[in-house]
Amino acid sequence: MKAEASERGYNDLYYGFLGYPISQTADIAFCKATIVPVGEDQVPHMEQTRKILRRFNQLYSPIFEEPKAIVGETPRLIGLDGQSKMSKSKENTINLDASKEDVIEKMKKAKTDPLRIRKTDAGHPEICPVYSYHQAFRKEDTEAIYEGCTNAQLGCVECKQLVATSINELLEPMRERRHQFERQPKRIDEILLEGTSKARLIGEQTMREVREAMQMNYFE
Ligand code: SF4
């Protein structure tokens, strides 16, 4: 936690860091979620959530099921800078709302195998961030890319274009859907309100149970 704080430019630990597991637990527990899809870096937080709810159940009343973390199969992507995982704050990402041109431009600037100076040099895909994108987005072709790179047959420009095309194909349906919603902002408000109303009802019921279990239901 200290490392994360200093990485983000804080010279001390603030409540946001310490209280995060509590607020995350509240977000999960209010609707009695039993399955939570998370990234692998969130698994320790989920363990905290399970512990907090287990303790509540032991101390007061077993009203919460311990939620399970479901970790997606999608691998974590290294950033375009090749330095660390993709992170908005590091500006090394391709965002889901990126335009076609944006994806192409960003991919052009992506770091590659630092040992491959000329196209005639054999590449080392295992240390190339772009190759890891092939593994994520173009699984069917990774062997051919590996061969082409290590035999110096495939140039980085072409290699990047291939992956940019695949990412654009993946993002295109999302862009279309996004544009549809952008044309009907009232519908977005309605969806948010519908979701909030549903969540509020469930949350109120959970809080009634919590207050009863803790014998703090003075006004009910
Ligand atoms: S050819 Fe592709 S995998 Fe090989 S170094 Fe260039 S960008 Fe990386």
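This report looks at one helix, a nonpolar core and the surroundings of a ligand in a predicted model.

**Helix 3**

Let's start with helix 3, which covers residues 43–59. Its 17 residues should span 24 Å at 1.5 Å a residue, and the end C-alpha atoms are 24 Å apart, so expectation and model agree. Which residues of helix 3 are buried? They are Met46, Thr49 and Leu53. These three cover an arc of only 55° around the axis, which means that they sit on the same side of helix 3. Among the elements covering the buried residues are helix 2 (15–29), strand 1 (35–38) and strand 2 (68–71).

**The largest nonpolar core**

Now turn to the largest nonpolar core, with its 17 residues. Val103, Val130, Cys159, Val163 and Ile167 touch the most other members.

Helix 7 gives the largest share of the core, 6 residues. Leaving aside residues up to four places away in sequence, Val103 touches Ile94, Ala98, Ala164, Ile167, Asn168 and Leu171.

**Around the ligand**

How many residues surround the ligand? There are 14, and the closest are Gly123, Cys128, Cys149, Cys156 and Cys159. Helix 5, helix 6 and helix 7 each give two or more residues to this shell, with the largest share, 3 residues, coming from helix 7. By class, the shell has 9 nonpolar, 2 polar and 3 charged residues.

How values were computed. Residues are numbered from 1 along each chain as its sequence is written. This is a predicted model: local features need pLDDT of at least 70, side-chain atom pairs count only at pLDDT 80 or more; totals for chains, interfaces and linings use all residues. Helices (H or I, at least four residues) and strands (E, at least two) are DSSP runs, numbered from the N terminus. The expected span of a helix is 1.5 Å times one less than its number of residues. A residue is buried if 20 or more other C-beta atoms lie within 10 Å of its own, exposed if 12 or fewer, and partly exposed in between; C-beta atoms are placed from the backbone. The arc is that of the directions from the helix axis to the C-beta atoms. Two residues are in contact if their C-beta atoms, placed from the backbone, lie within 7 Å. A nonpolar core is a set of buried Ala, Val, Leu, Ile, Met, Phe, Trp, Tyr and Cys residues joined through C-beta atoms within 7 Å. A residue is near a molecule or strand if its C-beta atom, placed from the backbone, lies within 6 Å of it. Ala, Val, Leu, Ile, Met, Phe, Trp, Tyr, Cys and Pro count as nonpolar, Asp, Glu, Lys and Arg as charged, and the others, Gly among them, as polar.
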